[in-house]
Amino acid sequence: MSYQLSAKILNLLSPKLMKKIAILSTLLITSAIPISANTKLCEITGIHDGDSLRVSCHRKSLQLACIDAPEPDQPFGQEATDYLASLTVGKELEIINRGDGGFNRTASIIYVNNVNIQERLLSAGLAWYYPQYASKCGDFMGLKRAEQSARDRGVGLWKSANPIAPWAWRKGVR
C-alpha cells in the first residue's frame, strides 16, 4: 500500500520538481564520494573538435590537457572529433581542471569511468602528445607511452607516411 501511495504522490509532482528531486538525490548520494576541489562531474553539451568540448558545469570550453588532436580540416580531424564524442557523449565525466588552456578554454584532464580520455585518443592514433603543456598533466609518461604505442602499431594518423602535427598545420604546413 505504501508503494501505491508513493506512486500517486509522485504522479502529482511536476516534471520540473521531479528533476530537482532527482538532482538533489544524486547530490546527496554522491556527496560521500571524495572529489578534489579541482574535480567536477559533468555532462557534454557540445564538441568543437578532437580535443575541445563544452560541458554543463563549466562556463568556458575545455581543452584536453597535454594532447593536440588534428584540426577539423586536417586529415583525421573528423575521426578524432567522432571518437571523442563516442567516448564522452551521454556519459558522466570527471573533469580535473589544470589551468588556462588558451583561447578562453580551461585545460582539463577528463575521465569517464576512471578511463583517461586523453590516453584513449593517443592510443587510437587520433592525437599527439603535446610536450609544451606536459606540466599540466600528472602522468605525462603514460600519455607518451600511449602515443608511442599507436605509432608502433601504425593506427590512426600514424598510418600516414608523414602526419602533420596540428601545431604545424595551424601555421600553414601542408
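## A tour that starts at a disulfide

Select C42 and C57 first: the torsion about their S-S bond is about 60°, so this disulfide is right-handed. The two sulfur atoms sit 1.5 Å apart, and a disulfide here is a pair of cysteine sulfur atoms within 2.5 Å. By that rule the count comes to one disulfide. In general, a disulfide is a covalent bond between the sulfur atoms of two cysteines.

Before you move on, a word about what's on your screen. This is a predicted model, where local features need pLDDT of at least 70, side-chain atom pairs count only at pLDDT 80 or more, and totals for chains, interfaces and linings use all residues. Residues are numbered from 1 along each chain as its sequence is written, and side-chain values use heavy atoms, with hydrogens and water left out.

C42 lies in strand β1 (residues 39–42) and C57 in the loop between β3 and β4 (61–64), so the pair ties together parts 15 residues apart in sequence. Helices (H or I, at least four residues) and strands (E, at least two) are DSSP runs, numbered from the N terminus. C42 counts as buried at 2% relative accessibility, while C57, at 27%, counts as partly exposed. Buried means under 20% relative accessible area, exposed over 50%, and partly exposed in between (1.4 Å probe, protein chains only).

Strand β2 (residues 44–49) and strand β3 (residues 52–55) pair in the antiparallel sense over four bridges; strands pair if DSSP finds at least two bridges between them. A hairpin of two residues joins β2 to β3. Look for D49, which stands opposite S52 in β3.

**From D49, hop to Q78.** These two are 29 residues apart in sequence, yet 7.5 Å apart in space, C-alpha to C-alpha. Q78 is found in helix α3 (residues 77–88) and counts as partly exposed at 47% relative accessibility. Its side chain makes a polar contact of 2.7 Å with that of D82. A polar contact is a pair of N or O atoms within 3.5 Å; within protein, one must be able to donate a hydrogen and the other to accept it, and residues adjacent in sequence count only if both atoms are side-chain atoms.

**Now find S108.** You'll see it in strand β7 (residues 105–112). S108 is buried, with a relative accessible area of 0%. Show the side chain of N97 too: a polar contact of 2.9 Å joins it to the side chain of S108.

**Last stop: R170.** Side chains of opposite charge can pair when their charged atoms come close. A salt bridge is a side-chain nitrogen of Lys or Arg within 4 Å of a carboxyl oxygen of Asp or Glu, and by this rule the count comes to three salt bridges. Which residue forms a salt bridge with R170 at 2.7 Å between the closest N and O atoms? Select D68 to see it. D68 lies in strand β5 (residues 67–68) and R170 in the segment after α6 (166–169), so the pair ties together parts 102 residues apart in sequence. E71 forms a salt bridge with R170 as well, with the closest N and O atoms 2.5 Å apart.

Is D68 buried or exposed? At 3% relative accessibility, D68 counts as buried. E71 is buried too, with a relative accessible area of 17%, whereas R170 is partly exposed at 43%.
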